[in-house]
Amino acid sequence: MSLSFLILALLTLGGAVAAMTLHRLVHCVLALTVALAGLAGLYLNLGAQFVGLAQILVYVGAVAILIVFAVLLTRGAEIASQMDSSRQGRFSALAGGVATAAAVFAVLAWVVLHSPTLSAPAATMTQVAPQAAMQQIGDALMRRYVLPLEVMGLMLTAALIGAVILALEEKPEAQ
Amino acid sequence: MVPVSYYLVLAAILFSIGVAAFLVKRNIISIFMSIELMLNAVNLTFVAFAHQWHQVSGQIFVFFVMVVAAAEAAVGLAIIIAIFRTRNTLNVDQVDLMKL
């Protein structure tokens with residue numbers, strides 16, 4: 001096992017666990033950012049430069065800032081939401097959630113460890129150079145996947161307009 | 001050379017952490033963050049498989065997932081702010097108008 005994988009995996013796991021267990025929301029967002037940056041490192045480790053850099057731009061750059069903004073715009077809700085849930089209900093919810101997650105992990109791990117395609121030797125094709133891979137991605141996006149790409153652009157535009165309309169302050173109707 | 005199954009197990013752990021937090025947390029922003037974590041765990045499996053079989057289709061799919069996740073983040077956070085403005089709470093137990 002290479003050292004870089006070990007470090008990045010520990011960083012990602014630590015960030016994810018911290019993001020899901022810390023109490024203050026701002027700390028959770030920062031820990032999640034660490035996990036997302038670790039994932040970007042893992043992508044780079046796997047030779048996926050395009051996806052790794054897009055991960056840094058989109059997630060570490062944009063989504064993390066967006067969540068921080070949402071947290072800061074909704075101050076005052078944190079304290080109220082921690083008070084009302086009873087201790088008994090909390091514990092049963094915790095047990096149920098962790099049990100479900102453990103079952104999901106057991107199924108996924110069983111599939112990974114028993115899959116015949118995974119234990120087969122890796123494909124014999126030669127490793128593609130990063131630049132060639134980048135060119136292949138561009139080619140595929142512009143030729144084979146050009147329709148999905150256009151649909152994505154349309155959807156993103158619609159989503160951004162919708163987000164602005166949703167978050168607009170509703171003014172009382174001028175009669 | 002790290003075998004691809006290590007990446008898959010790591011992604012499975014990340015996904016399970018996301019599932020647990022999604023079910024346990026009651027704050028809507030925490031739930032939103034656990035969804036992001038699950039999406040990223042799936043992306044990691046895509047990239048790992050794309051690496052193993054030297055295909056770029058996996059990376060392109062990850063790109064599409066990222067775009068959809070970005071749109072989801074924009075709309076989701078707008079909805080969260082709208083909920084907070086009308087109800088003054090982020091606790092999902094108190095946002096139960098459509099519950100029987």
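**Entry 1: S34(B)**

I looked up the contacts of S34(B) (heavy atoms within 4.5 Å): leaving aside residues up to four places away in sequence, S34(B) touches M20(A), G18(B), A21(B) and F22(B). I recorded S34(B) as buried because its relative accessibility is 0% (buried is under 20% relative accessible area, with a 1.4 Å probe and protein chains only).

**Entry 2: basis**

The model is predicted, so I noted that local features need pLDDT of at least 70 and side-chain atom pairs pLDDT 80 or more, while totals for chains, interfaces and linings use all residues. Residues are numbered from 1 along each chain, chains are lettered from A in the order written, and side-chain values use heavy atoms, without hydrogens and water.

**Entry 3: second largest pocket**

I noted about 360 Å³ of space in the second largest pocket. Among its 20 lining residues, L66(A), A163(A), A73(B), A74(B) and L77(B) are the closest to its centre. A pocket here is an open set of points on a 1 Å grid over the protein atoms alone, where a 1.4 Å probe fits, with protein on both sides within 12 Å along at least five of seven lines; lining residues have an atom within 4 Å of a point. The volume is the space filled by probe spheres set on the points, which are joined across faces, edges and corners. I found that α3(B) gives the largest share of the lining, 8 residues.

**Entry 4: UniProt spans**

I read in the unreviewed UniProt entry that residues 47-73, 93-113 and 151-168 of chain A are listed as "transmembrane region" (such annotations may be inferred rather than shown by experiment). Residues 93-113 of chain A are 100% helix, with end C-alpha atoms 30 Å apart. For residues 151-168 of chain A I noted 94% helix and 26 Å between the end C-alpha atoms.

Definitions and conventions: Helices (H or I, at least four residues) and strands (E, at least two) are DSSP runs, numbered from the N terminus. Buried means under 20% relative accessible area, exposed over 50%, partly exposed in between (1.4 Å probe, protein chains only).
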